[in-house]
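Welcome! Please take a moment with the sequence and the 3D view, and then read on for a short tour.

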Amino acid sequence: MSGNIELLNTTLAAAKAEDRAALIAYLPAGFPTVDGGIEAVKAVIAGGADVVEVGLPHSDPVLDGPVIQTADDIALRGGVRIADVMRTVREAYEATGVPILVMTYWNPIDRYGVERFTAELAEAGGAGCILPDLPVQESALWREQADKHGLATVFVVAPSSQDARLATITAAGSGFVYAASLMGVTGTRASVGAQAQELVGRTRATTDLPVCVGLGVSNAGQAAEVAGFADGVIVGSAFVKAMLDAPDEAAGLDAVRSLAGELAQGVRKR
């Protein structure tokens with residue numbers, strides 16, 4: 001079975017045709033439970049997310065701040081496995097028809113087996129992977145298998161990336177480019193910063209891929225600001241915090257659905 005890179009491509013193109021940015025939501029698998037995590041993904045889609053990144057919980061998440069680390073710890077203590085991540089992708093995709101990616105560090109894939117991981121992700125209906133710590137120069141095996149199975153390979157660029165490096169990264173990627181708005185870890189912030197707009201401009205000079213901005217966006221105003229210069233707005237910590245702060249799972253689902261609705265309005269007010 002082929003993965004859903006084309007669904008991802010058409011979804012991002014449709015948002016552009018509507019003269020708006022896409023809303024991309026992140027939630028970790030297995031949080032607060034595997035079943036609860038699946039329902040949370042469905043809830044953000046019901047609220048208006050165009051694309052969802054499902055996080056594969058990791059014990060040493062170098063890009064993720066304390067909010068996502070807390071959720072990952074809950075998921076890991078609950079015994080989440082890669083099979084649960086695949087189940088989350090499958091059930092969310094089958095229920096919604098929305099492109100679902102997995103965001104993961106490289107070590108779990110390397111241990112699991114690249115061919116096995118890509119085949120299972122494609123079979124689950126996944127659209128691809130975001131790989132924040134996989135160096136492009138070491139990605140040939142992954143990209144070969146991802147291409148074989150119809151999966152996008154999304155690399156992360158940062159404000160520190162030099163122009164030549166940006167060109168190398170974007171030439172190797174597919175689906176979209178994940179532009180980290182600042183140097184640091186994930187988390188909500190008071191402002192997203194001018195660095196993000198400059199990075200998007202420099203990245204666009206090297207590729208026709210959509211450029212989507214993450215790290216720091218937490219409300220409709222910030223979403224509208226980023227949507228003014230980016231093709232997609234990526235929100236993670238704000239959704240996770242809404243789940244963490246809720247008194248129970250039902251309230252958490254309501255909270256993330258509502259937040260997605262506010263952010264979806266934001267990306268339409270660019």
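## A charge over a ring

Let us begin with one side chain: Arg116 lies over the face of Tyr112, at 3.7 Å from the ring centre. Please keep in mind that this is a predicted model.

Tyr112 also belongs to an aromatic cluster, which it forms with Trp106, Phe117 and Trp142.

## The aromatic pairs

There are three aromatic pairs in the structure. In one of them, the ring centres of Trp106 and Trp142 are 6.1 Å apart and the planes meet at 85°; because planes over 60 degrees apart count as edge-to-face, this pair is edge-to-face. Trp106 sits in helix H5 (residues 106-112) and Trp142 in helix H7 (residues 140-148), so the pair ties together parts that are 36 residues apart in sequence. Are these two residues buried or exposed? Trp106 is buried, with a relative accessible area of 18%, and Trp142 is buried too, at 0%.

Trp142 also pairs with Phe117, and here the arrangement is tilted, with 6.3 Å from centre to centre and 55° between the planes. This pair likewise links distant parts of the chain, as Phe117 in helix H6 (residues 114-123) and Trp142 in helix H7 are 25 residues apart. Phe117 is buried, with a relative accessible area of 0%.

## The nonpolar core

Phe117 and Trp142 turn up again in the largest nonpolar core, which has 94 residues. Together with Val44, Phe176 and Phe239, they are the residues with the most contacts inside this core. Helix H12 (residues 249-267) gives the core its largest share, seven residues.

What does Phe239 touch, leaving aside its neighbours within four places in sequence? Its contacts are Ala25, Tyr26, Leu27, Val44, Val256, Leu259, Ala260 and Leu263.

Which residues of H3 are buried? They are Ile68, Ala71, Asp72 and Ala75. Seen down the axis of H3, the buried residues fall within an arc of 100°, so they line one face of the helix. They pack against strand S1 (22-28) and helix H11 (237-245). On the other side of H3, Pro66 and Arg77 are exposed. After the helix comes Gly79, with a positive phi near 85°.

Methods. Residues are numbered from 1 along each chain as its sequence is written. This is a predicted model: local features need pLDDT of at least 70, side-chain atom pairs count only at pLDDT 80 or more; totals for chains, interfaces and linings use all residues. Side-chain values use heavy atoms; hydrogens and water are left out. Rings of Phe, Tyr and Trp (its six-membered ring) pair if their centres lie within 6.5 Å; planes under 30 degrees apart count as stacked, over 60 as edge-to-face and the rest as tilted. Helices (H or I, at least four residues) and strands (E, at least two) are DSSP runs, numbered from the N terminus. Buried means under 20% relative accessible area, exposed over 50%, partly exposed in between (1.4 Å probe, protein chains only). A charge sits over a ring if NZ of Lys or CZ of Arg is within 6 Å of the ring centre and within 35 degrees of the ring normal. A nonpolar core is a set of buried Ala, Val, Leu, Ile, Met, Phe, Trp, Tyr and Cys residues joined through side-chain atoms within 4.5 Å. Contact means heavy atoms within 4.5 Å. The arc is that of the directions from the helix axis to the C-beta atoms.
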